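Hi,

Here is the structure you were waiting for. My notes follow below it.

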Amino acid sequence: QVQLVESGGGLVQAGGSLRLSCAASGTTFSRYVMAWYRQAPGKQRELVALIRQGGSTNYADSVRGRFTISRDNAKNTVDLQMNSLKPEDTAVYYCNAQWIQTYWGQGTQVTVSS
């Protein structure tokens, strides 16, 4: 069983920055592909960014160049640095771990005001 706990969400003005963090426990963290997803009201959950075991990354087109995903295998954490935030980034952000099974965190709200 893997537990994922997100932190760092909140309210920020457009153009501002936030840093989300996800702490994982109960697992060999380095084996997992880690990702951040988000879900806005009335919309499907979408992939924001992922980072593989070796450190390679992928980003959604809508966030590329503004968001950066990183992982620390020694601390069992994955972070999402979000810069130049836009109102359309408003959503609940979820941490995700994938290897043999998939696990989700409880989500953290990010609200960007215009």
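**Salt-bridge network**

R38, E46, R66 and D89 are linked in a network of salt bridges. A salt bridge here is a side-chain nitrogen of Lys or Arg within 4 Å of a carboxyl oxygen of Asp or Glu. By this rule the count comes to five.

Before the details, the basis. This is a predicted model, where local features need pLDDT of at least 70 and side-chain atom pairs count only at pLDDT 80 or more, while totals for chains, interfaces and linings use all residues. Residues are numbered from 1 along each chain as its sequence is written, and side-chain values use heavy atoms, leaving out hydrogens and water.

D89 pairs with R38, with the closest N and O atoms 2.9 Å apart. That pair links distant parts of the chain: D89 is in the loop between β8 (77-82) and β9 (91-98), R38 is in strand β4 (residues 33-39), and they are 51 residues apart. Strands (E, at least two residues) are DSSP runs, numbered from the N terminus.

D89 also forms a salt bridge with R66, at 2.8 Å between the closest N and O atoms. R66 sits in the loop between β6 (57-59) and β7 (67-72), 23 residues from D89.

Are D89 and R38 buried or exposed? Both are buried, and R66 is buried too. Buried means under 20% relative accessible area, exposed over 50%, partly exposed in between (1.4 Å probe, protein chains only).

D61 and R64 form another salt bridge, with the closest N and O atoms 2.6 Å apart. D61 counts as exposed because its relative accessibility is 66%. R64, at 47%, is partly exposed.

**Strand β1**

β1 covers residues 3-7, and its side chains alternate. L4 and E6 point to one face and are buried. Five bridges join β1 to β3 (residues 18-25), and the two run antiparallel. Strands pair if DSSP finds at least two bridges between them. S7 has S21 in β3 as its bridge partner.

**Nonpolar core**

The largest nonpolar core has 31 residues. Such a core is a set of buried Ala, Val, Leu, Ile, Met, Phe, Trp, Tyr and Cys residues joined through side-chain atoms within 4.5 Å. L4, M34, W36, V78, L80, M82 and Y93 have the most contacts inside it. At least two core residues come from each of β3, β4, β5 (46-51), β7, β8, β9 and β11 (108-113).

Leaving aside neighbours within four places in sequence, M34 is in contact (heavy atoms within 4.5 Å) with residues including L4, F29, I51, V78 and C95.

Best wishes

Conventions: Helix = DSSP H or I, 4+ residues; strand = E, 2+ residues; numbered from the N terminus.
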